[in-house]
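Here is a short report on one protein model. Look at the structure first, then read on.

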Amino acid sequence: MPFDSLWNIEWLNHNSQRAYPLGDASTGNDTTSSFKLPEDFIVGLYLPVHAGLDIDPSRLFLKGLGVFATGFGFTIGYQPAVGAAVDVATALVNRDGHELNRDYSLGGVGDFNDTEGRIALGKFESIDEQPSGFFTFDFEETRFDVDVARPQIRGVQSITVVNGSEVSQRLYGDIVLVAGLNFRLTPIVVFGEDPQIVFDAIQGEGLTEECVCEDGSDGDCIRTINGIAPTAAGDFTILGDECLEVQEIENGIRLADLCSQPCCGCIELERITEDLEQFGNQATTLANFINRLQASVANFESVVLGSVLRDKGCGC
């Protein structure tokens, strides 16, 4: 029986009745064989991959799928010829608000972080008959059709501004570079050469940025010295006299006392030190002599007094 009335079937409707975007040899079974991906669940998949990554488009596959009451989580993987599979893109889809054949964004991860793909979902009735949870798949079971990956020429996808440790969000689309205070941007376009933008710092009003603290104040600084303020230009004068001279040194000043210079030098100080050492030795000798003299006096007193005060009388 001919089907003359069935022609020009819509692409997504056609996909809901076959394994696409899985390849013909893919079964859709997870690693535990407890879950099978329905044909009418994923009805479209578009994944642009930069040609600079040099991958084999036939080695992309569905690596993980989370089936929950609130929605679904997808992980697209790439299986290299040698080594473990890596994540390529992920997506989270909420059940609320879903419409038949609606597409959702796939965000790239890792080396594929500048990839922005799309995944289209059909009906949820068949997948709700499967168990819920998170399921992982082997490459051979959920290998995608080769036309899922679309080569894309690598270019500038976004711009990120870095100021010290602060990193801005990615800026997409048409981005305008605006010269700020004391700055000039000059585009140079020469036929046959790469376009250039030259950044020049120029002299102008407000060249030095004012110090502004986080609270909006100008910060703490020296405003007076002993209650004395500087001039309107910020100068503070320090003067000397006939005995005190103010001398300029690198990054500071030095106060020199001209009237209290020492009269002795190193030679004189060495002579005084030698005399003090000799005096110390002689003082030690004198102290030893005093100790011996004290002992002799004590011995003398005991002998003399003992001979005078004894009880025996003098013999005639």
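## A residue in a helix

In which helix is Asn 15 found? The model is predicted, and in this model Asn 15 belongs to helix α1, which covers residues 11-15.

Is Asn 15 buried or exposed? Asn 15 counts as buried because its relative accessibility is 0%, and the cut-off for buried is under 20%. Setting aside neighbours within four places in sequence, Asn 15 contacts Tyr 20, Glu 39 and Val 43.

## The largest nonpolar core

The largest nonpolar core holds 33 residues. Six of its members touch the most other members: Phe 41, Leu 47, Leu 65, Phe 74, Ile 76 and Leu 121. Strands supply part of this core: β1 (42-50), β2 (60-67), β3 (71-78), β4 (86-94), β5 (102-108) and β6 (116-121) each give at least two residues. In soluble globular proteins, nonpolar side chains tend to be buried together.

Take Leu 47 from that list. Residues up to four places away in sequence are not counted here. Leu 47 then touches Leu 60, Ile 76, Val 88, Ala 89, Leu 106, Thr 115, Gly 117, Val 148, Ala 149 and Arg 150.

## The whole protein

The secondary structure comprises three helices and 14 strands. The protein has 316 residues, and 21% of them are buried. Its accessible surface is about 23,600 Å². Carbon and sulfur atoms account for 55% of that surface.

How many of the contacts between residues at least 6 apart in sequence join residues at least 24 apart? The share is 48%.

Terms used:
Residues are numbered from 1 along each chain as its sequence is written. This is a predicted model: local features need pLDDT of at least 70, side-chain atom pairs count only at pLDDT 80 or more; totals for chains, interfaces and linings use all residues. Side-chain values use heavy atoms; hydrogens and water are left out. A nonpolar core is a set of buried Ala, Val, Leu, Ile, Met, Phe, Trp, Tyr and Cys residues joined through side-chain atoms within 4.5 Å. Buried means under 20% relative accessible area, exposed over 50%, partly exposed in between (1.4 Å probe, protein chains only). Helices (H or I, at least four residues) and strands (E, at least two) are DSSP runs, numbered from the N terminus. Contact means heavy atoms within 4.5 Å. Accessible areas come from the Shrake-Rupley method with a 1.4 Å probe; for residues, only the protein chains shown count as cover.
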